[in-house]
Amino acid sequence: MFNKILYSLITIITFSYSDLSAQSVNQLDTKYGFKSFKLGTAPNKLNSNKIDSWDKNSNITKYKYSANDMDELFTVSVNRVIPTYYKNKLMSILIDFNDTFSESDYDIVLYSLKNLFGSGNNCVIDNSDYTNYIGRKWVGKKVEMDFFRLYTNENNKWGGYISITEKALQKQRINNEF
């Protein structure tokens with residue numbers, strides 16, 4: 001009888017936890033961006049400096065966000081935040097950590113992201129000619145997020161970034177280019 005009750009409790013806890021993990025990824029879609037950046041919106045009066053504009057049809061514009069409210073994320077130093085707009089709608093947000101992004105920095109950010117969005121999918125890319133990546137990917141219905149720590153042979157340094165992308169705009173951009 002005790003074993004049956006224990007088994008039932010373990011089963012309930014396991015299913016409850018898997019429901020919480022599934023709901024966590026849904027938070028990507030609910031948040032639909034990062035801090036004051038909301039995906040799909042037009043550029044506004046954010047304190048940004050235009051840093052790059054590219055594409056044959058001038059459909060893509062990148063900015064460097066230069067406000068003081070983004071010096072750190074989860075106590076880890078942030079180098080820059082780059083919102084990218086496609087046809088004047090926010091398509092993606094890149095949070096670039098500094099080039100001294102240590103393994104402990106990676107662990108801190110990963111722990112925080114897992115608590116917010118669930119465990120995600122493990123990703124390892126080994127391209128010994130140029131770059132090695134290790135990280136996670138979270139995929140919601142509308143939003144996709146990548147978090148990587150990477151080593152580039154070119155400059156012999158570790159870096160890290162989080163990329164948050166609006167899937168429909170990304171698909172539209174790819175379809176228009178292909």
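**Note on a predicted model: salt bridges, rings, core and strands**

1. D146 counts as buried, at 14% relative accessibility. Here buried means under 20% relative accessible area, exposed means over 50%, and partly exposed is in between (1.4 Å probe, protein chains only). The model is predicted, so local features need pLDDT of at least 70 and side-chain atom pairs count only at pLDDT 80 or more, while totals for chains, interfaces and linings use all residues. Residues are numbered from 1 along each chain as its sequence is written, and side-chain values use heavy atoms, with hydrogens and water left out.

2. A salt bridge here is a side-chain nitrogen of Lys or Arg within 4 Å of a carboxyl oxygen of Asp or Glu. K137 also forms a salt bridge with E144, this time with the closest N and O atoms 3.2 Å apart. K137 is partly exposed, with a relative accessible area of 23%. E144 is partly exposed too, at 24%.

3. How many salt bridges does the whole structure hold? The search finds 3. One of them joins the side chains of R80 and D96, at 2.9 Å from N to O. R80 lies in strand β6 and D96 in strand β7, so this pair ties together parts that are 16 residues apart in sequence. Helices (H or I, at least four residues) and strands (E, at least two) are DSSP runs, numbered from the N terminus. R80 is partly exposed, at 33% relative accessibility. D96 is buried, at 13%.

4. Now the rings. A pair of aromatic rings is described by the distance of the centres and the angle of the planes. Rings of Phe, Tyr and Trp (its six-membered ring) pair if their centres lie within 6.5 Å; planes under 30 degrees apart are stacked, over 60 edge-to-face, and the rest tilted. The whole structure has 7 aromatic pairs. F101 and F147 make an edge-to-face pair, because their planes stand at 90°, with the centres 6.2 Å apart. F101 lies in the loop between β7 (89-97) and α2 (103-117), and F147 lies in strand β10 (residues 143-152), so the pair ties together parts that are 46 residues apart in sequence.

5. Buried or exposed: which is F147? F147 is buried, with a relative accessible area of 0%. F147 also pairs with Y106, and this pair is stacked: 5.0 Å centre to centre, 15° between the planes. Y106 sits in helix α2 and F147 in strand β10, so parts 41 residues apart in sequence are tied together. Y106 is buried as well, at 8% relative accessibility. F101 is buried at 1%. F97, F101, Y106 and F147 form one aromatic cluster.

6. Two rings carry a charge over them. The test is that NZ of Lys or CZ of Arg is within 6 Å of the ring centre and within 35 degrees of the ring normal. R149 lies over the face of W158, 3.8 Å from the ring centre. The charged end of K142 sits over the ring of Y32, 4.9 Å from its centre.

7. Next, the core. In soluble globular proteins, nonpolar side chains tend to be buried together. A nonpolar core is a set of buried Ala, Val, Leu, Ile, Met, Phe, Trp, Tyr and Cys residues joined through side-chain atoms within 4.5 Å. The largest one has 29 residues, and I93, I95, F97, W138, F147, I162 and I164 touch the most other members. At least two core residues come from each of α1 (2-31), β4 (60-65), β6 (76-86), β7, α2, β10 and β11 (157-166). The largest share, 5 residues, is from α2.

8. Two strands pair if DSSP finds at least two bridges between them. I95 stands opposite I162 in β11. The bridge partner of L150 in β11 is G159. Strand β11 is mostly covered, with 8 of its 10 residues buried.

9. Contact means heavy atoms within 4.5 Å. Leaving out residues up to four places away in sequence, I95 touches F34, L73, V78, R80, G160, Y161, I162 and I164.
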